[in-house]
Amino acid sequence: MITARSHFFTEEHEMFRAQVRNFVSREITPYIDQWEQEGLFPKSLYRRMGELGFLGIRYPEKYGGSGGDIWMTIAFCEELCRCRALGLPMSVLVHTDMSSTHIARYGTEEQRQQYLVPMIKGEKVCAIAVSEPAAGSDVAGIQTTAVRHGDTYVLNGAKIFITNSVHADVFCVAAKTDKDKGHRGISLFIVERDTPGFRLAKKLQKLGNHSSDTGELVFEEVRIPRHNLIGEEGKGFYYIMANFQDERLIAASLAVGAAQQALEDTLRYTRERRAFGKRLFDHQTVAHRLADMATELEAARQLTYYAADVLQRGGDCSTEVSMAKLFAAEVANRIAYHCLQLHGGYGYIQEFPIERFFRDIRLSPIGGGTSEIMREIIAKRGLDRE
Amino acid sequence: MKILVTVKRVPDPETTIRVKPDGSGIVTDNIKYVINPFDEIAIEEALRIKEKQGQGEVVLVSIGAKVASEQLRTGLAMGADRAILVLCDQELDSLGVARILAKIVEKEAPDLVLMGKQAIDDDANQAGQMLAALLNWPQATFASKVEFMDNYVQVVREVDGGLETVRFPLPGIITTDLRLNEPRYASLPGIMKARKKEIREIAVAELGIDTTPLLTVHKMDPPAKKAAGKKVESVQELVHLLHTEAKVI
Ligand SMILES: Cc1cc2nc3c(=O)[nH]c(=O)nc-3n(C[C@H](O)[C@H](O)[C@H](O)COP(=O)(O)OP(=O)(O)OC[C@H]3O[C@@H](n4cnc5c(N)ncnc54)[C@H](O)[C@@H]3O)c2cc1C
């Protein structure tokens, strides 16, 4: 499938894209079936990616990053999806762009040296723990508490759906430092894996994204040093909201990348498979369906690029990013439905990658803020003003 | 040690190549281009030699249109130090290429020239050999292992039916075979650093040599379409057909 290269990508971005593609085809794709089956990929892959600079794309050179821009990140997302699974890409991007970001942006110099530097090298893996059994979309409603005792904070509570909870060495944990203040009472903390009282209660079995480790965490009288606070007390909610823009843009980009691969696979299939004496592709309803999918996908891609451009230029991009995530997630799910349909019975069989895509992409309208929450943001921030 | 590595821009081996209807060449629209895979191996080997010796310089050279700077930039991102692009819009044969390279060698005075054994577009497998002849330098083609001894280099060559080990004193030419090494990826920091590295452009006319091709491509034909296979009922039938129809046994 051929559409013109977007003008946002320079020769340098394309060179990086080619390297990632090559890496994925040699070091991920051949093993992905096995990792999906095992429910985990080897932690050593982080180190390998660290060596190649994949984990510090936009981080400052000072900490081992490359000081790249959002287009490098987008190329990275799109190419990771070439492995035909979304679990591994999600895990890696949670590490690079959804969790370690808090330490990079709001952490002290000591915290950056101690955590960010090894994270960029792939020596330490990072997770973000916000969602709780009783509060998902409603972040302000979290119940985990962090109480100051002299030079320490003591954490109590539980977290659920936490990506990287098996691999992570470091967790950025949201907790209430002031129960009466709602969203203004939330703070972010660094909790290391081996801290007494902190444990992985359960690894969760999921519909899809099997190569990503998702778990439930428990905090019982977890005592951490006071200097493990990230940024300022009471600012956690704002830090989380600010990072949502990157997170959701990446979610949109992964949906586009995965849908692209699925559509390409389906194009190939419909040009090979025959029914009623001709190729599936030569049945007009099939060809038109494919044309519709290609068009919708292109629209999702361009909206994602537009949102990325607004983000890259700085300033408020929440409306554009929410639109991109909403649209890309829903388009990708429609594409999953129709691509599977065009594969017939084979689409339902695990040996065909479309079966996995159908399961994996279902997370897209849920994770990182649901489609309903995206509509809330678009309506409230973008539409309800004079 | 100073190593000169040749880099040719060729169509990505993974793209489908179509021959123009008039047989005058291939359709170049929508083709992706890459570094000739054998040249990529040559770059990797040069970088490894430099890393092992702890010093030296790796200089890339490409001949062709301005767009070839994309491939040079990738080589620089892998770790080469600088590059030279000989701008030349005219078609060249292997001898023309070798003559240009001989001039570059004269200017740069490298200790070693590392080249792909052939470019995967025209598969000529001549430029290295011709360059050696023009320079009157020793050459080791089809290298699968390269080692530096006190005052010579030892190369294991892949030849029909086995391996041959040869030695020669520097300067000299080595052309790479597939199994010499596995080229590295350009890391992201490498890509960022490559931005600042020099690609010096030289117009072919400046070199003052005759590059008129003695050899011209007369016609290209696509490979014959494979005929559909045939299912046989038994081993006996298979043996019979292999003998009577395929005539291979
Ligand atoms: C595989 C996976 C990985 C995840 N990784 C992480 C992670 O690493 N870290 C982390 O902190 N979280 C993670 N999450 C959690 C994820 O962010 C939440 O699941 C998501 O935010 C939704 O929250 P919830 O599941 O509690 O649903 P709820 O908030 O309970 O929502 C249930 C339904 O109600 C709808 N709804 C809620 N509020 C409104 C409203 N105001 N108006 C209209 N409809 C509404 C929702 O859209 C949804 O359809 C992950 C989840 C999954 C499944």
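Visitor: Which domains of chain A does the shell around the ligand draw at least three residues from?

Guide: This is a predicted model. The domain assignment divides chain A into domain 1 (11-125), domain 2 (127-233) and domain 3 (237-383). The shell around the ligand takes at least three residues from each of two of these domains, namely domain 2 (127-233) and domain 3 (237-383) of chain A.

Visitor: Which residues come nearest to the ligand?

Guide: Strand E1 (126-129), strand E3 (152-163) and helix H11 (371-383) of chain A each give at least two residues to the shell around the ligand. The shell sorts into 9 nonpolar, 10 polar and 3 charged residues. Out of the 22 residues around the ligand, those that come nearest are Val130(A), Gly136(A), Ser137(A), Thr370(A) and Glu372(A).

Visitor: Which residue is the bridge partner of Val154(A) in E7(A)?

Guide: Strand E3 of chain A also supplies residues to the ligand shell. E3(A) and strand E7 (residues 214-225) of chain A run antiparallel and are joined by 9 bridges. In E7(A), the partner of Val154(A) is Arg223(A).

Visitor: Which residue in the turn between E2(A) and E3(A) has a positive phi?

Guide: Strand E2 (residues 145-149) of chain A runs antiparallel to E3(A), with 5 bridges between them. Arg148(A) stands opposite Tyr153(A) of E3(A). The two strands form a hairpin with 2 residues between them, and the turn residue with a positive phi, about 55 degrees, is Gly150(A).

Visitor: Which helix gives the most to the side of domain 1 of chain A that touches domain 3 of chain A?

Guide: The centres of domain 1 and domain 3 of chain A, taken over C-alpha atoms, are 22 Å apart. The contact joins 21 residues of domain 1 of chain A to 19 residues of domain 3 of chain A. On the domain 1 side, helix H4 (70-80) and helix H5 (87-106) of chain A each supply at least two residues. The helix that gives the most, with 9 residues, is H5(A).

Visitor: How do the residues on that side of domain 1 of chain A divide into nonpolar, polar and charged?

Guide: The side in question is made of the 21 residues of domain 1 of chain A that are in contact with domain 3 of chain A. These residues divide into 11 nonpolar, 4 polar and 6 charged.

Visitor: Which elements of chain B give two or more residues to the side that touches chain A?

Guide: The contact between the chains takes 15 residues from chain A and 13 residues from chain B. The chain B side divides into 7 nonpolar, 3 polar and 3 charged residues. The elements of chain B that give two or more residues to this side are helix H2 (69-78) and helix H5 (188-194).

Visitor: Which residues of helix H4 of chain B are buried?

Guide: In chain B, 36% of the 249 residues count as buried. Helix H3 (94-108), E6, E7 and E10 of chain B are included in what covers the buried residues of H4(B). After H4(B) comes Asn136(B), with a positive phi near 60 degrees. The buried residues of helix H4 (residues 127-135) of chain B are Ala127(B), Gly128(B), Met130(B), Leu131(B) and Ala132(B).

Definitions and conventions:
Residues are numbered from 1 along each chain as its sequence is written. Chains are lettered from A and ligands numbered from 1 in the order in which they are written. This is a predicted model: local features need pLDDT of at least 70, side-chain atom pairs count only at pLDDT 80 or more; totals for chains, interfaces and linings use all residues. Two residues are in contact if their C-beta atoms, placed from the backbone, lie within 7 Å. Helices (H or I, at least four residues) and strands (E, at least two) are DSSP runs, numbered from the N terminus. Ala, Val, Leu, Ile, Met, Phe, Trp, Tyr, Cys and Pro count as nonpolar, Asp, Glu, Lys and Arg as charged, and the others, Gly among them, as polar. A residue is near a molecule or strand if its C-beta atom, placed from the backbone, lies within 6 Å of it. Domain bounds come from an automatic or database domain assignment. Two strands pair if DSSP finds at least two bridges between them. A residue is buried if 20 or more other C-beta atoms lie within 10 Å of its own, exposed if 12 or fewer, and partly exposed in between; C-beta atoms are placed from the backbone.
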